[in-house]
Amino acid sequence: MAVCIAVIAKENYPLYIRSVPTENELKFHYTVHTSLDVVDEKISAMGKAMVDQRELYLGLLYPTEDYKMFRKLHNSYTDIMCNPFYNPGDRIHSRAFDNMVNSMMMQVC
């Protein structure tokens, strides 16, 4: 199960962040924003000088056995993007998306 889920816009800012348990929420927000900085540094280095494309590889970001969980997240995100009332780039405020994310999160007793 996941303990933090973030959806990132193509402009490299978070559209949605949810974490469980809530006492570690600041830690996860920090991790997400730090990861965004790493990606931004890699992209800006590529703009200054043509570096080897393989250098931009960040590694496997999730275990392959968790593919179904990320597929479920991607399908829900696609449903949001297909909604004619959603403006791309806005924060995600969707009850259905929240329910799907909650089902993926680790439940702490």
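**Notes on the fold and its contacts**

1. Let's start with the overall layout: the chain has 3 helices and 2 strands. Along the sequence they follow the pattern β-β-α-α-α. Helices (H or I, at least four residues) and strands (E, at least two) are DSSP runs, numbered from the N terminus. Please keep in mind that this is a predicted model, where local features need pLDDT of at least 70 and side-chain atom pairs count only at pLDDT 80 or more, while totals for chains, interfaces and linings use all residues. Residues are numbered from 1 along each chain as its sequence is written, and side-chain values use heavy atoms, with hydrogens and water left out.

2. Now some totals. The chain has 109 residues, and 23% of them count as buried; buried means under 20% relative accessible area, exposed over 50%, and partly exposed in between (1.4 Å probe, protein chains only). The accessible surface of the chain comes to about 8,300 Å², with 57% of that belonging to carbon and sulfur atoms. Those areas come from the Shrake-Rupley method with a 1.4 Å probe, and for residues only the protein chains shown count as cover. As for contacts (heavy atoms within 4.5 Å), residues 24 or more positions apart account for 56% of those in the chain with a separation of 6 or more.

3. On to the strands. E1 (residues 4-8) and E2 run antiparallel and are joined by 5 bridges; two strands pair if DSSP finds at least two bridges between them. Across the pairing, Ala6 stands opposite Ile17 in E2. E2 is mostly covered, as 5 of its 6 residues are buried.

4. The hairpin of E1 and E2 has 5 residues between the strands. Asn12 lies in that loop, and its phi is near 75°, a positive value in a residue other than glycine.

5. Which residues form the salt bridge? The structure holds 1 salt bridge, and in it Asp98 pairs with Arg18, the closest N and O atoms being 3.9 Å apart. The pair links distant parts of the chain, with Asp98 in helix H3 (residues 95-104) and Arg18 in strand E2 (residues 14-19), 80 residues apart. The rule asks for a side-chain nitrogen of Lys or Arg within 4 Å of a carboxyl oxygen of Asp or Glu. Asp98 counts as partly exposed because its relative accessibility is 23%, and Arg18 is also partly exposed, with a relative accessible area of 26%.

6. Next, the rings. The count comes to 1 aromatic pair. The ring centres of Tyr16 and Phe97 are 4.8 Å apart and their planes stand at 85°, so the pair is edge-to-face. This pair too links distant parts of the chain: Tyr16 is in strand E2 and Phe97 in helix H3, 81 residues apart. Both Tyr16 and Phe97 are buried. For the rule itself, rings of Phe, Tyr and Trp (its six-membered ring) pair if their centres lie within 6.5 Å; planes under 30 degrees apart count as stacked, over 60 as edge-to-face and the rest as tilted.

7. Is Val101 buried or exposed? Val101, which has its place in helix H3, counts as buried because its relative accessibility is 0%. Leaving aside neighbours within four places in sequence, Val101 is in contact with Ile5, Tyr16, Arg18 and Leu73. The C-alpha atoms of Val101 and Ser19 are separated by 9.5 Å, although the two residues are 82 residues apart along the chain.

8. Two serines deserve a look. Ser19 sits in strand E2 and counts as buried at 5% relative accessibility. Apart from neighbours within four places in sequence, Ser19 is in contact with Val3, Cys4, Glu25, Phe28 and Met105. Ser76 lies in helix H2 (residues 67-81) and counts as buried at 16% relative accessibility. Not counting residues up to four places away in sequence, Ser76 touches Phe97 and Met100.

9. Finally, the cysteines. How many disulfides does a search of the whole structure find? It finds 0 disulfides, using the cut-off of a pair of cysteine sulfur atoms within 2.5 Å. Cys4 counts as partly exposed at 24% relative accessibility, whereas Cys82 counts as exposed at 60%.
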